[in-house]
Amino acid sequence: MRERLALRLTEPDGAVVEAFAALLPEGDYLPLLLRIEPRLTVPGQEGDYFSHEQVATWGIDGFWGLPEYPHTPYYRTFETAVGDEAHLYEFVVPMVPPTWNERDRVEEYAGQMRRGAVPTAVAVSTLDLCQPAMDDRSADYYEHWGLTHFLLDGHHKLEAAASSGRPVQLLSLLALDESDSPARDHRRLAALRAQHRRGRAAV
């Protein structure tokens with residue numbers, strides 16, 4: 001399995017899907033093979049979704065007077081417009097903080113990537129759609145599509161890709177039963193991910 005994932009897959013590999021499916025709860029999953037260019041994001045710093053895009057729509061927490069805090073560094077990978085009133089944001093969440101990664105393995109992968117290798121990571125994912133309950137036109141009101149990948153394998157690969165500015169593949173097992181979104185939107189993901197990266201133009 002390690003040898004298979006060290007290479008670029010051309011389609012969702014049945015043996016890889018089966019191996020990781022055995023680790024997951026019973027349910028319906030949609031395999032997606034994605035090419036991503038991860039950027040490591042630290043909560044509260046530049047590029048943090050929870051300090052910027054989320055605040056622009058929902059504002060800061062009414063009790064704490066602070067933005068939501070995700071409690072971990074994470075990777076931002078892609079975003080694009082779904083329509084005039086919706087925008088897709090994609091995240092990869094490591095199961096352990098990048099500071100726990102072994103430096104030698106990260107550097108090894110980074111070197112391979114600089115020589116043209118595109119290895120594959122694996123994640124279980126959800127697609128959640130949300131928007132404010134009230135249409136407050138003083139805020140940037142629209143529907144946020146959150147495609148979140150929770151890493152099962154590939155922590156060193158993601159950090160290596162982020163540090164070297166290189167792409168990596170991600171085999172996503174989208175958990176349909178656990179996603180807060182309808183089936184029709186699951187079917188749109190492949191086409192949305194094929195669009196050009198596009199930031200949100202705040203109104």
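The lining of the second largest pocket comprises 3 nonpolar, 3 polar and 4 charged residues, where Ala, Val, Leu, Ile, Met, Phe, Trp, Tyr, Cys and Pro count as nonpolar, Asp, Glu, Lys and Arg as charged, and the others, Gly among them, as polar. The structure is a predicted model, in which local features require pLDDT of at least 70 and side-chain atom pairs count only at pLDDT 80 or more, whereas totals for chains, interfaces and linings use all residues. Residues are numbered from 1 along each chain as its sequence is written, and side-chain values use heavy atoms, with hydrogens and water left out.

The second largest pocket holds about 160 Å³ of space. A pocket is an open set of points on a 1 Å grid over the protein atoms alone, where a 1.4 Å probe fits, with protein on both sides within 12 Å along at least five of seven lines; lining residues have an atom within 4 Å of a point. Its volume is the space filled by probe spheres set on the points, which are joined across faces, edges and corners. Lining residues of the second largest pocket are R2, L5, A6, R105, Y109, D153, G154, H155, H156 and K157. Two or more of these residues come from each of α1 (2-5), α4 (103-114) and α5 (155-164), helices (H or I, at least four residues) and strands (E, at least two) being DSSP runs numbered from the N terminus. The greatest contribution, 3 residues, is that of α5. In α5, 8 of the 10 residues are buried, a term for under 20% relative accessible area, with exposed meaning over 50% and partly exposed in between (1.4 Å probe, protein chains only). H155, H156 and K157 are among the buried residues of α5. After α5 comes G165, with a positive phi near 65°.

In the largest pocket, the space amounts to about 290 Å³. Of its 16 lining residues, Y49, F50, F91, G146 and T148 are the closest to the centre. At least two lining residues each are supplied by α3 (53-58), β4 (86-93), β5 (120-130) and β6 (143-153), and β6 gives the most, with 4. By class, this lining has 10 nonpolar, 5 polar and 1 charged residue.

The model contains 7 salt bridges, each defined by a side-chain nitrogen of Lys or Arg within 4 Å of a carboxyl oxygen of Asp or Glu. In the salt bridge between E53 and R76, the closest N and O atoms are 3.1 Å apart. E53 belongs to helix α3 and R76 to strand β3, so this pair ties together parts 23 residues apart in sequence. E53 is buried at 17% relative accessibility, and R76 is buried at 5%. R193 and E90 form a salt bridge with an N to O distance of 3.0 Å. This pair links helix α7 to strand β4 across 103 residues, and both R193 and E90 are buried. In a further salt bridge, R200 and D140 have their closest N and O atoms 2.7 Å apart. R200, in the segment after α7, and D140, in the loop between β5 and β6, are 60 residues apart. R200 is partly exposed at 21% relative accessibility, whereas D140 is buried at 8%. Shared partners join E53, R76 and E79 into one salt-bridge network.

R197 also lies in the segment after α7 (189-193) and is partly exposed, at 41% relative accessibility. Its C-alpha atom is separated by 9.9 Å from that of L88, 109 residues away along the chain.
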